[in-house]
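Visitor: I am new to reading protein structures. Can we go through one together, feature by feature?

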Amino acid sequence: MFILVNLKAYPCDPIEVATAARDVAEDAGVRIAVSPQAAHLESVADTGVETWAQHVSPNGYGSFTGSTLAEAVAEAGAEGTLLNHSENRRKLADIDAAVRAAERAGLETCVCANNPDQIAAAAALQPDSVAVEPPELIGGDVSVATADPDIVTDAVAAAGGVDEDVDVYCGAGISTGDDVTTAEELGASGILLASGVAKADDPRAALEDLVSGL
Ligand SMILES: O=C(CO)COP(=O)(O)O
């Protein structure tokens, strides 16, 4: 299972989380990545943890003020990028172009979506992975794998029906090792989480719990 920790715009210490994620990944032999604000990509990547951007723009170099270029995040040390997060939704054409921009820069891609139908559309763009995250469960206390297990199994089936090479992750409300193993049993090959680590009093302990059943 891949554990991708999205720090969103939470006021946590990205280096504290990155250092803990690096150590827990090494100790447990589990793949863990951290996705900080764009301004923190380089310092997070410098810790040695696998680092992801939260978004990249669909355009390449040029007169595009305010862009977050795929090339720039790759140069900062990112190895992958989220796209179309529930809190940063984009037009289909822009998601497609952003997947292509990320590929050109050598970044792994994960396109987020609300439900299995959107997962099928996202998988058709041939990212490396898609992530189903029901918006109403994001930031809550109940894991998507418990509250709505069908959405995970249906997302796995929807993506597989379009492109079997696209991995399927799930997220929303995940905070414990039980949540992670339940998601794995439903067919997800990774989880995407935020508040369970970014808002934890002890991010290292939260990460250790997440990998405890793997
Ligand atoms: O949006 C999410 C991860 O990208 C999920 O957030 P929570 O883990 O806080 O529910």
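Guide: This is a predicted model. We begin with a strand. In a regular strand the side chains alternate between the two faces of the sheet. Now take strand β3, residues 50–53. E50 and W52 point one way, and T51 and A53 point the other way.

Visitor: Are these four residues of β3 buried or exposed?
Guide: All are buried. The cut-off for buried is 20 or more other C-beta atoms within 10 Å of a residue's own.

Visitor: How do I read the pairing of β3 with other strands?
Guide: Look for bridges. Two bridges join β2 to β3, and these strands run parallel. V34 stands opposite T51 in β3. On to β4: β3 and β4 also pair in the parallel sense, over two bridges. There W52 stands opposite G80 in β4.

Visitor: Which helix belongs to the unit that β3 and β4 make?
Guide: Helix α3, residues 70–75. With β3 and β4 it makes a β-α-β unit, and the unit is right-handed.

Visitor: What do the strands build when I put them together?
Guide: Eight strands close into a barrel. Their order is β1-β2-β3-β4-β5-β6-β7-β8, and the pairing is parallel. Neighbouring strands of this sheet are turned by 25° against each other on average, direction ignored.

Visitor: How does a helix sit against such strands?
Guide: Check which strands it crosses, then the angle. Helix α1, residues 14–28, lies across β1 (2–6) and β2 (31–35). It runs at about 170° to β2.

Visitor: Where does β7 lead?
Guide: To β8. Three bridges join β7 to β8, which run parallel. The bridge partner of G171 in β8 is L192. From β7 the chain crosses through helix α8, residues 177–185, to β8. This β-α-β crossover is right-handed.

Visitor: Why is β7 called largely enclosed by the rest of the structure?
Guide: Count its buried residues. Strand β7 spans residues 167–171, and four of the five are buried, so the strand is largely enclosed.

Visitor: Next, backbone angles. What is the general idea?
Guide: Most residues other than glycine have a negative phi. So look for the exceptions. N84 is one of them here: its phi is near 60°, a positive value, and N84 is not a glycine. N84 sits in the loop between β4 (80–83) and α4 (92–104). N84 counts as buried because it has 25 C-beta neighbours inside 10 Å.

Visitor: What is the phi of A172?
Guide: About 115°, a positive value, although A172 is not a glycine. A172 is found in the loop between β7 and α8. It has 27 C-beta neighbours inside 10 Å, so A172 counts as buried.

Visitor: Now show me an exposed residue.
Guide: Why is it exposed? D141 has 10 other C-beta atoms within 10 Å, so it counts as exposed. The cut-off for exposed is 12 or fewer. D141 and R31 are 110 residues apart in sequence, and their C-alpha atoms are 24 Å apart.

Visitor: Last topic: the ligand. Which residues come nearest to it?
Guide: There are 15 residues around the ligand, and N6, I138, L193, A194 and S195 come nearest. Sort the shell by class: six residues are nonpolar, eight are polar and one is charged. Then sort it by element. β8 (190–193) and α9 (195–198) each supply at least two residues of the shell.

Visitor: Can you place S195 for me?
Guide: S195 is in helix α9. With 20 other C-beta atoms within 10 Å, S195 is buried. I174 is 21 residues away along the chain, and the C-alpha atoms of S195 and I174 are separated by 8.5 Å.

Definitions and conventions: Residues are numbered from 1 along each chain as its sequence is written. This is a predicted model: local features need pLDDT of at least 70, side-chain atom pairs count only at pLDDT 80 or more; totals for chains, interfaces and linings use all residues. A residue is near a molecule or strand if its C-beta atom, placed from the backbone, lies within 6 Å of it. Ala, Val, Leu, Ile, Met, Phe, Trp, Tyr, Cys and Pro count as nonpolar, Asp, Glu, Lys and Arg as charged, and the others, Gly among them, as polar. Two strands pair if DSSP finds at least two bridges between them. A crossover is right-handed if, with the strands pointing away from the viewer, the path from the first strand over the helix to the second runs clockwise. Axes are lines fitted to C-alpha atoms, for helices over the stretch in contact, and angles run from 0 to 180 degrees between N-to-C directions. Two residues are in contact if their C-beta atoms, placed from the backbone, lie within 7 Å.
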